[in-house]
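Hello,

Here is the structure we talked about. Please open it first, then read my notes below.

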Amino acid sequence: MYVGQRVKRKEDLKLITGSGRYIDDIEYPGTLYLYIVRSNVAHAKIKYIDVRDALKVNGVVGVITGLTIPFENRPNNWPMAKDEILYVGHPIAAILATDKYVAADAADLIQVDYEELPAVINPEKALKDDVKAIEGRSNIAYKKTYSSGDPEKALSNSDIVLEEKFEISRVYPSPMETRGLLSVYQEDSLLVYASTQSAHYMRRYLLSAFGNKVKDIRVIQADVGGAFGAKLFPYSEDFITVYASLQYRRPVKWVALRSEDIRGMYHGRGQIHKVKFGAKRDGTLTAIIDDAIIDLGAASHGTYLVDIAATMLPGPYKVRDLRVNAYGVYTNKTPLDQYRGAGRPEAAFVYERIMDIIADELKLDPIYVRKRNLITELPYVNPFGLKYDSGNYLKLLENAEKVYREFEKRANELRKQGRRVSAGLSFYLEQNNFGPWESASVRIKADGKVQVIIGASPHGQGAETGIAQIVADELGISVDDVEVIWGDTALIGEGFGTYGSRSLTLAGNAALLAARRVKDKVLRLAAQFMKSDVQELQYKDGKVINPKTGKTMSLKEVASRNMASLGGIWEYKEEPGLEATGYFGFDNLTYPYGSHVVLAEVDNSGKVKILDYYAIDDIGTVVNPMLAEAQVIGGVIQGFGESVLEEIVYDENGNLLTGNLFDYAIPTAVEAFNIKWEYMEEGKSNAPLPAKGIGEGATIGTPPALIRAIEKAIGKRLTRLPSRLEDLL
Ligand code: MCN
Ligand code: MO
């Protein structure tokens, strides 16, 4: 059995030997390079754009301005500012040249005359709606109220009632590889290489814009150097690049510079929760009333993130009297969208801060407070209708508590030496396997090797290995004989992609179902080849066996027997070919859960050092503990960044103050620390292979644990992400 084993990653060899192929490595003769001229003001009316001097430059082939394509949840000035500039970084013009440096240099020659308009940057000010982020529109792009029970009454029956404002800053998803696209014009069709999380989805949205101009658009996902949620939804540059290649009938390549990526890639998080909550003296959380504001920037697509945060606000706790007023506001900033965790980290920060604050106010132990409130009967339908499926929350918390008590002891010892050290714990609920379904095809080739084609589009997580393990087990063959491929819309009919920690569970189960079907075909064909009854045959360890006669046929023999010599005839009744497609989707999302425990020190210079870190998760069946652990480690380091280093900062005029990687700090190997990860397998999903996702869990669990440890180390309540140096000194 491979499932459950730490099988080494199949995908790494080409990447670690430098033979991966990212967008910028792919060359087509005759390519034009696209450079985007971007706004350096936050809000303005364009009076005119003069491109004449740029067009005179040797090597410049053309300039595009004023391109607008209607697209859902994007303002009318999309993908390019036509009349109105909405944020610093908003594309204004695109230059096409035979050389990328020529294109970039020509940008200086484009003159844009504009009239500045007042900008609204602070989301709470935007909510007042006096200065408009987009002319002629209300800033309140979205409002929805989620209610359950009677929170006012529950508050009036509480022993304590508290109010806090929790802020989760905007972050830049910071993949190693910036975004990029190469659109190859082929007369009546296009071949688009993209750094994306979903080749199929990209094909669908490009077709919606250009389907009247071409017969088809084939999208191939190149090797992707990280995405973290931000390479899923459509971008201005996707449309501009594809439009340019259609217009100029040539291959067109665009790859973002880092400084462009920080302005152009959808920022993540950006939520404020103004919360009123109450508790009984024994620590029972009685009610929450939350005004939740999401800072959408200059597009309203990200509203679903405040919906996720709102509906997940009760977290793993029993509280049933709640109201969340969710607002989405436009501001003159880069549009916002998902970042690893997507709404669940924001909810967890709020409910876990609430647990710790109740403990502090009532002088109770924070683990005790969590236990008082924890849901113990599953499945459980939360106040907003989410169905938490399975698991044993209390048992997992008790496991984490043991580590927490030990960290507490160590913290006490170190505090005696005058050091600012403390322990923190978070308990979190994850929601994943966003659907609707995923596809996978399994084919056995004539050499007996197995190829699996999945509709998901992994990009670093390791699904190739995990899914190969599942299929190898099902077919009883070596994992080395299973190849998993993906990311080309011409390879598999339909699929979705890699997001919402879904690939292993959805594509993996689709592959499992496909493998079962193929196995059935193998048996039926073998029955004909072996002149036996199919009922007599058994499939075991990659072989078909007839126990009565003792005869066997290997998978390879069945597959190659299929390949009658050229010109031969097919003399059997069963159809040849060992191939099948499977589809899998859930009728409910899955809800894994976990706990993080941290021992942190804040030194006199305000630097946060992690002395020890422990995480435990329950995601049902773990297919490959090494891969899952790697996801947790990466997520913890990202969560560390979000908690103490990373923050997108604009000044009040909408200038981006953190526009490069000197000013926007991400954790590096220097800040990284050891992380111990363990898992339970009680919270199974109801899939044939009862797994749930792990890809995002750690970015949910880390910030509340870390902020707790830091606030106790410095002795000052913290309510924002990231913590600020002035608090830590
Ligand atoms: N796994 C497992 N057993 C399970 C579940 C998963 O062994 N029960 C393994 C899988 O084999 C896979 C990994 O864990 O190697 C993650 O699988 P899964 O939880 O299905 O998540 P996805 O593959 O769908 O990944 C998406 C998730 C998301 S939504 C973001 S955002 C994110 C993340 O993955 N972006 C990443 N991790 C990332 N890791 C890298 N390197 N780069 C990104 O952009
Ligand atoms: Mo994601």
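Predicted model: local features only at pLDDT ≥ 70, side-chain atom pairs only at ≥ 80, totals over all residues.

Now the residues. On the domain 1 side, 16 residues are in contact with 20 residues of domain 2. By class, that side of domain 1 has eight nonpolar, five polar and three charged residues. How many salt bridges cross the interface of domain 1 and domain 2? The rule finds zero. It does find five residue pairs in polar contact across this interface.

Domain 1 covers 12-117 + 175-227 + 231-264. Domain 2 covers 268-433 + 588-728. Domain 3 covers 438-584. The C-alpha centres of domain 1 and domain 2 lie 35 Å apart.

**Around the ligand**

Next, look at ligand 1. It is surrounded by 31 residues. The closest are Ala-227, Gln-461, Ser-503, Gln-631 and Ile-694.

Which atoms pair up with ligand 1?

- Ala-227: a polar backbone atom is 2.7 Å from an oxygen atom of ligand 1.
- Asn-624: a backbone N or O atom lies 2.8 Å from an oxygen atom of ligand 1.
- Arg-340: a polar side-chain atom lies 3.4 Å from a nitrogen atom of ligand 1.

How much of ligand 1 does the protein bury? Taken alone, ligand 1 exposes 850 Å², and the protein buries 96% of that.

Best wishes

Definitions and conventions:
Residues numbered from 1 in each chain as written. Chains lettered and ligands numbered in written order. Heavy atoms only, no water. Domains from an automatic or database assignment. Contact = heavy atoms within 4.5 Å. Salt bridge = Lys/Arg side-chain N within 4 Å of Asp/Glu carboxyl O. Polar contact = N/O pair within 3.5 Å; in protein donor to acceptor, adjacent residues only side chain to side chain. Nonpolar A, V, L, I, M, F, W, Y, C, P; charged D, E, K, R; others polar. Near = heavy atom within 4 Å. Areas by Shrake-Rupley, 256 points an atom, 1.4 Å probe, with all protein chains shown as cover.
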